[in-house]
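Please load the model in your viewer and keep a selection panel open, as this tour moves from one selection to the next and says what is found at each stop.

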Amino acid sequence: MAKLVAILATTHHPFYFKTSQLPPEEAPPFAAPWVSAVEAYRETLTRARPDVLVMVGSDHFHQLWLDNMPQFLIGKAPYYDGNWENEMREFGLPKLFFKGHEELSAYMLREGIDKGFDLAFSNELRVDHSVTCPIFTVRPQNDLPIVPIYTNIFAPPLPRPERFVQLGKTIREIIDAWPSDLRVAVIGTGHLSLELGGPRQFGPHGPDPEFDARAVRWIADGDIDGCLSSVTLDSLHAPGNATHGFMDFMLMMGIAGHTRADYADNLDLFHTMEAYFTWYPDPSLIDGPPLTSKGALL
Amino acid sequence: MSKYLVNKFLFTIDRDHELTERYREDPAGTVAWWEAEEANRLLNCIDAEKSTWLSFTDAERTALTTHDHVALFEMGAHPFLTLTLWIAMFERDFDEPLGMQLDYAAKLAHLGLPYPDIAT
């Protein structure tokens, strides 16, 4: 069976790439600690030595549109292009090119449908920054095949938080049962409290630091029950109008199970809290000495 | 109310550099052209398959032709679409980093929770 070697759940911040490329004399004060936090986090994936990456993200009205909107979609293609013209324009993100892993895509679609998720699929998908941002942060050499999974956290009606957790549990079952010798890592990105296009956007912190503090504890502690008892589709409006992206973190918690993270870090940035979590489902699969740091939250 | 059509306008203008510039320079002309020629285009289909029933309300047309992002927010236009397009059109007019985004937010400051429903 395949080996699920690492589960990474992180925020995605489209300005990281541009910020990390600035020469020191032009970089803002927050750049250096941000780059340091990301480089420490990258090590948690590197040491897992994955062969293939399952990437969980959410299209931001790039390819998926209101005339035909799936709730959950898996890419099944031999290749994927990445990033869109308006992401180059707004964030300075370069276009990327990925290899796909069609065998795993096909397996996940078949098994997922049979396990109760009527998954949509795409044979030609240009992934956006929800998938490319973690490549820039944790796998900048972009040398591994991917299976992209998109969730709808964006265009109501949305699936409820419980459904995201359940899909995560199902993805875990599917990967654990995949008849393959490959080492699989799952990387999912979402948000903590976030406001975009509303009165609370781009403040000195995320729009709801109290929610963020609770959220990072739920994730770090693997507290799925505490999280589900506190979060509903309606309640997620209060911390910020784009906070439904937190449900992608809940999906990742579903994959990890009721387990403390092995690495948990966060960084208070100018308008969001950035957060970085890694689980190693089977520590015996991880080589080398222990991590230098388990992150600021553990 | 046609939140869907307002969103479709924002979506199709934002993803096309030429249309973004045209909407910045000539909002009334661009909205009139778009409503006449593009509003009913079924994306990914030939002209013969155009829809037959989509049009703006007067309030929507006015909000779009006056670049009124506050009115668009109040109508329930998708805030991500509006913000992204506004950044493309107007960030260049501000000197400070995030100056445009903070000005955009300040103009919405009178609005509290719950925000207008964005479901389409």
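## First stop: a covered helix in chain B

Begin with α6 of chain B, whose buried residues are covered by, among others, α3 (85–91) of chain A and, from chain B, α1 (3–14), α2 (17–25), α5 (69–75) and α7 (99–106). Before going further, note that this is a predicted model, in which local features need pLDDT of at least 70 and side-chain atom pairs count only at pLDDT 80 or more, whereas totals for chains, interfaces and linings use all residues. Residues are numbered from 1 along each chain as its sequence is written, and chains are lettered from A and ligands numbered from 1 in the order in which they are written.

Helices (H or I, at least four residues) and strands (E, at least two) are DSSP runs, numbered from the N terminus. A residue is called buried if 20 or more other C-beta atoms lie within 10 Å of its own, exposed if 12 or fewer, and partly exposed in between, with C-beta atoms placed from the backbone. On that count nine of the twelve residues of α6(B) are buried, including B:Phe80, B:Leu81 and B:Trp86. Select residues 79–90 of chain B to check the length of this helix: its end C-alpha atoms are 16 Å apart, which agrees with the 16 Å that twelve residues should span at 1.5 Å a residue, the expected span being 1.5 Å times one less than the number of residues.

Staying in chain B, select B:Leu113 and B:Pro114, whose peptide bond is cis with omega near -5°; B:Pro114 lies in the segment after α7 of chain B.

## Across to chain A

The contact takes 21 residues from chain A and 28 residues from chain B. On the side of chain A that touches chain B, nine residues are nonpolar, seven polar and five charged, where Ala, Val, Leu, Ile, Met, Phe, Trp, Tyr, Cys and Pro count as nonpolar, Asp, Glu, Lys and Arg as charged, and the others, Gly among them, as polar.

Buried residues make up 53% of the 298 residues in chain A.

Which residues have the most contacts inside the largest nonpolar core? They are A:Ala185, A:Ile219 and A:Phe277, in a core of 113 residues, a nonpolar core being a set of buried Ala, Val, Leu, Ile, Met, Phe, Trp, Tyr and Cys residues joined through C-beta atoms within 7 Å. Helix α9 (residues 246–256) of chain A gives the most to this core, with nine residues. Centre the view on A:Phe277, which, leaving aside neighbours within four places in sequence, has contacts that include A:Leu8, A:Ile219 and A:Tyr263.

Next, select helix α5 (residues 129–138) of chain A: ten of its ten residues are buried, so the helix is largely enclosed by the rest of the structure.

Select β5, β4 and β7 of chain A, which form an open sheet of three strands in the order β5-β4-β7, with mixed pairing; strands pair if DSSP finds at least two bridges between them. β5 (96–99) and β7 (126–127) stand at the edges, each with a single partner strand, so one side of each is left without a neighbour in the sheet. Strand β4 (residues 79–82) pairs with β7(A) in the parallel sense over two bridges, and A:Gly82 has A:Val127 as its bridge partner there.

Most residues other than glycine have a negative phi, and most peptide bonds are trans. A:Asn83, in the loop between β4 and α3 of chain A, has a positive phi of about 75° and is buried, with 23 other C-beta atoms within 10 Å. A:Asn142, in the loop between α5 and β8 of chain A, has phi near 45° and is partly exposed, with 15 such atoms within 10 Å.

Finish at A:Pro156 and A:Pro157, which are joined by a cis peptide bond with omega about 5°. A:Pro157 lies in the loop between β8 (146–151) and α6 (161–177) of chain A and counts as exposed, with 11 C-beta neighbours inside 10 Å.

Note on methods
Two residues are in contact if their C-beta atoms, placed from the backbone, lie within 7 Å.
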